[in-house]
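Please keep the sequence and the model in view while reading.

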Amino acid sequence: MNTALTPHLFWITSRAAGFAALVLASLAVSLGLLMSTKLLKGRTTDLRAAHDTLALATIVAIVVHGVSLLGDSFLHPSILDISIPFVSGYKTIWTTLGIVGGWGLIALGLSYYARRWVGAVRWRKLHRFTALAWLLGLVHALGEGTDAGQLWFLAMLALVAIPALALLATRMARSGTAPTVPPAPQPQMSKTRPSGPTLTTGVVPIVTSRPQN
């Protein structure tokens with residue numbers, strides 16, 4: 001029996017799970033941005049259910065991506081290497097970006113189930129950082145991924161990442177547009193000329209009585 005794949009089984013599993021996590025996270029971010037920008041109306045319930053499913057699937061794929069590396073015979077990473085930033089000696093910067101992005105996606109994805117305690121307004125503000133965690137994962141994949149230079153990898157990544165980036169740009173453009181504030185109404189000056197000397201207050205002239213002789 002040919003067992004050539006055995007020494008690399010954990011490495012291949014980690015690569016596959018990492019790619020799956022990136023695709024799933026991109027789709028989840030796209031659906032979240034579609035709901036926040038309200039580009040699709042009348043489908044909120046369906047979109048939310050799909051978004052939650054993709055978010056949970058992303059978390060599972062991230063965990064498999066990291067844990068599988070523990071069995072890799074080439075890297076021999078420790079639990080600290082795959083979970084703590086700047087600990088791993090293998091492509092430290094790219095690995096750190098992946099760790100921070102992975103923890104961010106996990107924490108923000110699970111925070112949905114803690115909205116009751118966090119508060120809806122505070123949770124929405126925190127959830128906006130999901131896009132940043134996703135971007136860190138994207139940079140990690142392009143900088144450290146074994147398949148990053150392959151045409152098929154870039155093509156598949158572009159299919160899911162470009163729409164997410166476009167929606168993110170749209171969301172940022174909308175949130176950065178300040179509403180137009182109408183000018184404050186100016187006080188109306190009396191058109192009737194007063195019969196005596198006046199004291200100017202800057203708003204309405206005050207009529208004074210003529211001095212008595």
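The structure is a predicted model, in which local features need pLDDT of at least 70 and side-chain atom pairs count only at pLDDT 80 or more, while totals for chains, interfaces and linings use all residues. Residues are numbered from 1 along each chain as its sequence is written, and side-chain values use heavy atoms, with hydrogens and water left out.

**Overall fold**

The chain holds 8 helices and 2 strands, where helices (H or I, at least four residues) and strands (E, at least two) are DSSP runs numbered from the N terminus. Along the sequence these elements follow the pattern α-α-α-α-α-α-α-α-β-β. Of the 213 residues in the chain, 31% are buried, a term that stands for under 20% relative accessible area, with exposed meaning over 50% and partly exposed in between (1.4 Å probe, protein chains only). Among contacts (heavy atoms within 4.5 Å) with a separation of 6 or more, 59% join residues 24 or more positions apart.

**Helix α7 and its two partners**

Helix α7 (residues 130-144) takes part in two packed pairs, one with α1 (residues 9-37) and one with α8. Axes are lines fitted to C-alpha atoms, for helices over the stretch in contact, and angles run from 0 to 180 degrees between N-to-C directions.

| Helix pair | Axes come within | Crossing angle |
|---|---|---|
| α1 and α7 | 10 Å | roughly 150° |
| α7 and α8 | 12 Å | roughly 155° |

Angles over 145 degrees count as roughly antiparallel, and α1 and α7 are therefore roughly antiparallel to each other; α7 and α8 are therefore roughly antiparallel as well. The crossing of α1 and α7 is left-handed, as is that of α7 and α8, which is to say that the near helix is turned anticlockwise from the far one by less than a right angle.

In the second pair, the α7 residues include W134, L138 and A141, and the α8 residues they meet as a group include F153, L157 and A161. The contact of α7 with α8 has 13 nonpolar, no polar and no charged residues.

Leaving aside neighbours within four places in sequence, F153 is in contact with F19, A141, L142, D147 and A148. In helix α2, T58 is buried at 5% relative accessible area and, not counting residues up to four places away, touches A21, L24, A25 and L105. I62, also in α2, is buried at 16% and, with that same exclusion, touches A21, G102, L105 and I106. T130 of α7 is buried at 14% and, beyond four places in sequence, is in contact with V29, L105 and L108.

Definitions and conventions:
Angles under 35 degrees count as roughly parallel, over 145 as roughly antiparallel, 65 to 115 as roughly perpendicular and the rest as oblique. Ala, Val, Leu, Ile, Met, Phe, Trp, Tyr, Cys and Pro count as nonpolar, Asp, Glu, Lys and Arg as charged, and the others, Gly among them, as polar.
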